[in-house]
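Me: I am new to this one. Please show me the structure, and then I will ask about its parts.

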Amino acid sequence: MEEEVISAAFVSGEWKDKQWQKKAADRYKQYARFLQRPEKKKILKQLPELHDEAFSHIDCLNCAACCKNYSPRFKTPDIKRISKHLKLKESVFIDTYLRLDEDGDYVVKQTPCPFLGTDNRCSIYNIRPSDCARFPYTDEDVLINRAGITLKNSSFCPAVFYVMERLLALK
Ligand code: SF4
Ligand code: SF4
């Protein structure tokens with residue numbers, strides 16, 4: 001029943017109008033409580049199906065909130081792979097696109113990400129940073145092990161909101 005309610009909203013496009021964000025904000029404390037003492041094994045088993053279910057309703061090309069507002073970390077292998085693809089020296093790639101953040105990680109100089117097109121497509125999709133490929137962690141243990149990250153992501157990523165709502169309904 002709960003799945004039908006969430007699905008209906010997402011299929012009807014409610015999530016595109018960001019109405020879900022108000023609900024996510026209202027549910028913040030519930031999500032936080034749930035993530036404090038999750039039944040990890042049980043949840044991990046459920047995640048692959050919930051992840052697929054979320055992305056059967058949500059098209060990232062209609063969203064791109066992550067790429068528009070936040071930066072992935074560009075780790076050394078990411079920098080090597082992407083600069084090679086762009087036929088740039090690594091130092092030139094870094095100087096052109098990246099800066100060091102307060103944690104000492106390379107991130108984009110400014111958002112939206114310079115590799116995001118106006119059609120919300122990533123121009124380096126096949127070789128994008130590992131953080132981008134893994135985001136929003138809805139099919140991995142980061143979702144329950146890094147509660148702070150999940151709570152932040154639930155405020156802007158509809159897929160995280162969707163999975164958290166389903167987990168609360170299933171518990
Ligand atoms: S991962 Fe989440 S925030 Fe990023 S584009 Fe997809 S739905 Fe939007
Ligand atoms: S590299 Fe691509 S997927 Fe990653 S933030 Fe930039 S546009 Fe988005």
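Me: How many Å separate the centres of domain 1 and domain 2?
Reply: This is a predicted model, in which local features need pLDDT of at least 70, side-chain atom pairs count only at pLDDT 80 or more, and totals for chains, interfaces and linings use all residues. Residues are numbered from 1 along each chain as its sequence is written, while chains are lettered from A and ligands numbered from 1 in the order in which they are written. Domain 1 covers 2–66 + 138–170 and domain 2 covers 73–134, with bounds from an automatic or database domain assignment. Taken over C-alpha atoms, their centres are separated by 26 Å.

Me: Which helices each supply at least two residues of the shell around ligand 1?
Reply: The surrounding residues include Cys-60, Cys-63, Cys-66, Phe-156 and Cys-157. A residue counts here if its C-beta atom, placed from the backbone, lies within 6 Å of the ligand. Helices (H or I, at least four residues) and strands (E, at least two) are DSSP runs, numbered from the N terminus. The helices that each supply at least two are α5 (65–69) and α11 (158–170).

Me: How many charged residues does the shell around ligand 2 have?
Reply: Among the residues around ligand 2 are Cys-67, Cys-113, Cys-122, Arg-128 and Cys-132. Ala, Val, Leu, Ile, Met, Phe, Trp, Tyr, Cys and Pro count as nonpolar, Asp, Glu, Lys and Arg as charged, and the others, Gly among them, as polar. The shell around ligand 1 has 12 nonpolar, no polar and no charged residues. Around ligand 2 there are 9 nonpolar and no polar residues, and the charged number is 1.

Me: Is α10 roughly parallel or roughly perpendicular to α11?
Reply: Helix α10 (residues 147–154) packs on α11 at about 110°, with the axes 7 Å apart. Axes are lines fitted to C-alpha atoms, for helices over the stretch in contact, and angles run from 0 to 180 degrees between N-to-C directions. Angles under 35 degrees count as roughly parallel, over 145 as roughly antiparallel, 65 to 115 as roughly perpendicular and the rest as oblique. So α10 is, relative to α11, roughly perpendicular.

Me: Which residues of α11 make the contact with α10?
Reply: Two residues are in contact if their C-beta atoms, placed from the backbone, lie within 7 Å. By class, this contact has 3 nonpolar, 3 polar and no charged residues. Helix α10 brings Thr-150, Asn-153 and Ser-154, and α11 brings Val-160, Phe-161 and Met-164.

Me: Does Lys-87 count as buried or exposed?
Reply: Lys-87 is in the loop between α6 (76–85) and α7 (90–97). Its phi is positive, about 55°, although it is not a glycine. A residue is buried if 20 or more other C-beta atoms lie within 10 Å of its own, exposed if 12 or fewer, and partly exposed in between, with C-beta atoms placed from the backbone. Lys-87 has 8 such neighbours, so it counts as exposed.

Me: What is the phi of Ala-64?
Reply: Most residues other than glycine have a negative phi, and most peptide bonds are trans. Ala-64 lies in the loop between α4 (40–57) and α5. With 17 C-beta neighbours inside 10 Å, Ala-64 counts as partly exposed. Ala-64 is not a glycine, yet its phi is positive, about 60°.
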